[in-house]
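Definitions are given where each term is first used.

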Amino acid sequence: MTGNSQIVIDRVSHVYRPPRGREVRALEDVSLEVRGREFVALLGPSGCGKSTLLYLIGGFLPTGTGTIRVDGEPVTRPGSDRGIVFQHFALFPWKTVRANVLYGLEKLGLSRAEREERARSFIDLVGLNGFEDSYPSQLSGGMKQRTAIARTLAIDPQILLMDEPFGALDAQTRSLMQTELLGIWQRSPKTVLFVTHDVQEAVYLAERVVVMSARPGRVKAIVDTNFDRNAPNLFKSKPFVEKVDEIWALVRDEALKAQRSEGH
Amino acid sequence: MKRALVRYSPLLLLALAWEAATRLGFVSTLALPPLSDVLRAWGGLLAGGDLWINGAASLYRAGAGLALSIVVGGALGVAMAWWRPVNVLLGPLVEMFYPMPKSALIPVTALWLGFGDGSKILLIFLGCMLPVTLGAFNGARSSDQALVWSARSMGASRLRTLWDVVVPSALPELLNGIRTALALSFVLLVSSELIAARTGLGYLIGFLGEGGVYDAMFAVVLTVALLGFVADRVYQRLMRRVLQWRE
């Protein structure tokens, strides 16, 4: 499938070397290919390097061993073709909702009117009209994450990197946001890499789930999880439940290993 | 208005006690002239222009020194947080000089630049810089990695994120550092003018004291206290405005 892969990760390893203390092998020999417009979830126990992999694709961390190519070009630095959404929103707290969404647009060379129009339409898209002039500190967690998603979508990246984007939200908000994200993805398909440790979330959202091993992170299994997401009672359907169980079993082994190696 | 009245009523009580203690002879008027005399002398200083001329000289020195310390100190602090080599080079120096009583530099700057404005500006600049530097450094260092990365992924260059993300992140601590510097600037201003100057409010205090004109001397002391208070109040207002997003 090399021909139509948008992201090609080829035998990538990564070692964190903190100024003090022991070095940490975060990733070891990870290879993965992601097609354009595919929705892939990265799943694994905490500390398995799934976020690290996302940061490497984002170009935030230098790739040590191995290569990562996006559209055939090796990743060397961040770029607006790869938008990112973080677990803790990473909104500019000194900017209003509108100014946050406008930030990326200012670097696209659009006219002022176009920028304003685009910001408004994306604030509409995530249902935040009426809150344009609010500061992040005045918003709930869900609203903050909507703002972050609007900000990232507004610059129209081909690839959406999501680092446990709903991990900091309460269960109800999380479920609403999952549905909204799917809706957005179905309307304007993008390549999505979605890091999570929530098995059900991964199976529900993604077309493929990449299960990673405990530290150092390796690809343990890749599971196809293509369901009709609009089906009523999907969560209770037998194939869905079985898929969740199958992946749960894979993840649980790794979580136990991770626990043991941390000396619990 | 009413709240302000209640809030500052202890001040009014103090003024009354001052007047009463001196008028009733509990305190020698040589040690503490009655407040009413001080106020009359204050009117005289205002009318005669002494307060304006010396006040202007002092404010110019404090303002110039403080402005320099904010620009240089702020830039230094952010640079130390952003580029490790700068921190390695300057960190130990900042740590060494931070606790030093800056008034010890009064003779030094007078030796270098004489009795005029230059020596006061240099003194205030040097004395006020480090609190600003430390504020900027601590603020910039604590700026969230995810914010920098977000800006980068939206097309900002590395240098651009310094201005767009690191500086605003540093702002709360930087502004606190500047508040410390503001208070320090008054201390350094008056003490240096007392010792080595021919103009300025500090000089005027010394001059009037030596001449035995104590009511006028007290009037200038009160002026300095008032200026310091007003400056801090105005600054706090400004700070709240700038940081209104924090809520």
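At what angle do the axes of helix α6 (residues 106-113) of chain B and helix α7 (residues 117-141) of chain B cross? The two axes cross at roughly 140° and come within 8 Å. Axes are lines fitted to C-alpha atoms, for helices over the stretch in contact, and angles run from 0 to 180 degrees between N-to-C directions.

The model is predicted: local features need pLDDT of at least 70 and side-chain atom pairs count only at pLDDT 80 or more, while totals for chains, interfaces and linings use all residues. Residues are numbered from 1 along each chain as its sequence is written, and chains are lettered from A and ligands numbered from 1 in the order in which they are written.

Chain B has eleven helices and zero strands. Helices (H or I, at least four residues) and strands (E, at least two) are DSSP runs, numbered from the N terminus. The C-alpha atoms of chain B fill a box of roughly 75 × 50 × 30 Å along the principal axes.

The axes of α6(B) and α7(B) cross at roughly 140°, which makes α6(B) oblique to α7(B). Angles under 35 degrees count as roughly parallel, over 145 as roughly antiparallel, 65 to 115 as roughly perpendicular and the rest as oblique. For α8(B) and helix α9 (residues 158-195) of chain B, the axes cross at roughly 155°, so α8(B) is roughly antiparallel to α9(B).

| Helix pair | Axes come within | Crossing angle |
|---|---|---|
| α6(B) and α7(B) | 8 Å | roughly 140° |
| α8(B) and α9(B) | 10 Å | roughly 155° |

The crossing of α6(B) and α7(B) is right-handed, and that of α8(B) and α9(B) is right-handed too. A crossing is left-handed if the near helix is turned anticlockwise from the far one by less than a right angle, and right-handed if clockwise.

Two residues are in contact if their C-beta atoms, placed from the backbone, lie within 7 Å. This contact of α6(B) with α7(B) has six nonpolar, three polar and no charged residues. Ala, Val, Leu, Ile, Met, Phe, Trp, Tyr, Cys and Pro count as nonpolar, Asp, Glu, Lys and Arg as charged, and the others, Gly among them, as polar.

In the second pair, Leu147(B), Val148(B), Ala151(B) and Arg152(B) of α8(B) meet Thr161(B), Asp164(B), Val165(B) and Ser169(B) of α9(B). That contact divides into four nonpolar, two polar and two charged residues.

**Contact between the chains**

Chain B gives 14 residues to its contact with chain A, and chain A gives 20. On the chain B side, helix α8 (residues 145-153) supplies the largest share, six residues. By class, this side has seven nonpolar, three polar and four charged residues.

**Sheet and domains of chain A**

Chain A holds an open sheet of four strands in the order β2-β1-β4-β5, with antiparallel pairing. Its edge strands, each pairing on one side only, are β2 (24-35) and β5 (73-74) of chain A. Strands pair if DSSP finds at least two bridges between them. Strand β1 (residues 5-16) of chain A pairs with β2(A) over eight bridges in the antiparallel sense, and His14(A) stands opposite Leu27(A) in β2(A).

The domain assignment, whose bounds come from an automatic or database source, gives chain A domain 1 (2-81 + 161-261) and domain 2 (90-156). Their contact takes seven residues from domain 1 of chain A and six residues from domain 2 of chain A. The side of domain 1 that touches domain 2 has five nonpolar, two polar and no charged residues. The C-alpha centres of the two domains of chain A lie 26 Å apart.
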